[in-house]
Amino acid sequence: MERVTLEDVKEAMDDKIAELKELVNNMDSETALDIAKDTYEKIKVKGQELVNLAVTTGTPVLEETAAKLKKNSIAVAKS
């Protein structure tokens, strides 16, 4: 029969705490990723709405600007 020391218990507790910290960090990363994906989709939709408005109003300069804004917003959201 193996004798359990205080040091063994401490090491086991430290290992479990490290595992829990890793799980919490991973959960936070997943949550942040979900939020980023949701925000990206909202930016994409709003950018398209702006392009559609420009097309509807027949303003070529506004249409070009809206398309660039949409493209740049999506690029920023992806990074």
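A salt bridge here is a side-chain nitrogen of Lys or Arg within 4 Å of a carboxyl oxygen of Asp or Glu. By this rule the count comes to five salt bridges in what is a predicted model.

Start by selecting helix α1, residues 6-57. Within helix α1, pick K10 and D14, which lie four residues apart, about one turn of the helix. Their side chains form a salt bridge, and the closest N and O atoms are 3.0 Å apart. K10 is partly exposed at 46% relative accessible area, and D14 is also partly exposed, at 38%.

Next, select K16 and E19. Both belong to helix α1, with a spacing of three residues, about one turn of the helix. A salt bridge joins the two side chains at 3.9 Å, N to O. K16 counts as exposed because its relative accessibility is 52% and the cut-off for exposed is over 50%. E19, at 43%, is partly exposed.

Now go to K46 and E49, again in helix α1 and three residues apart, about one turn of the helix. The closest N and O atoms of this salt bridge are 3.6 Å apart. K46 is exposed, with 55% relative accessibility, whereas E49 is partly exposed at 42%.

Finally, select E2, E7, D8, E11 and D15 together: these residues gather in a patch of negative charge on the surface. One of them, E7, sits in helix α1 and is partly exposed, with a relative accessibility of 45%.

Notes:
Residues are numbered from 1 along each chain as its sequence is written. This is a predicted model: local features need pLDDT of at least 70, side-chain atom pairs count only at pLDDT 80 or more; totals for chains, interfaces and linings use all residues. Side-chain values use heavy atoms; hydrogens and water are left out. Patches are made of residues with over 30% relative accessible area and no salt bridge: like charges are joined within 9 Å, nonpolar side chains (Val, Leu, Ile, Met, Phe, Trp, Tyr) within 5 Å. Accessible areas come from the Shrake-Rupley method with a 1.4 Å probe; for residues, only the protein chains shown count as cover. Lys and Arg count as positive and Asp and Glu as negative; His and the chain ends are not counted. The place of a charge is taken as NZ of Lys, CZ of Arg, CG of Asp or CD of Glu. Helices (H or I, at least four residues) and strands (E, at least two) are DSSP runs, numbered from the N terminus. Buried means under 20% relative accessible area, exposed over 50%, partly exposed in between (1.4 Å probe, protein chains only).
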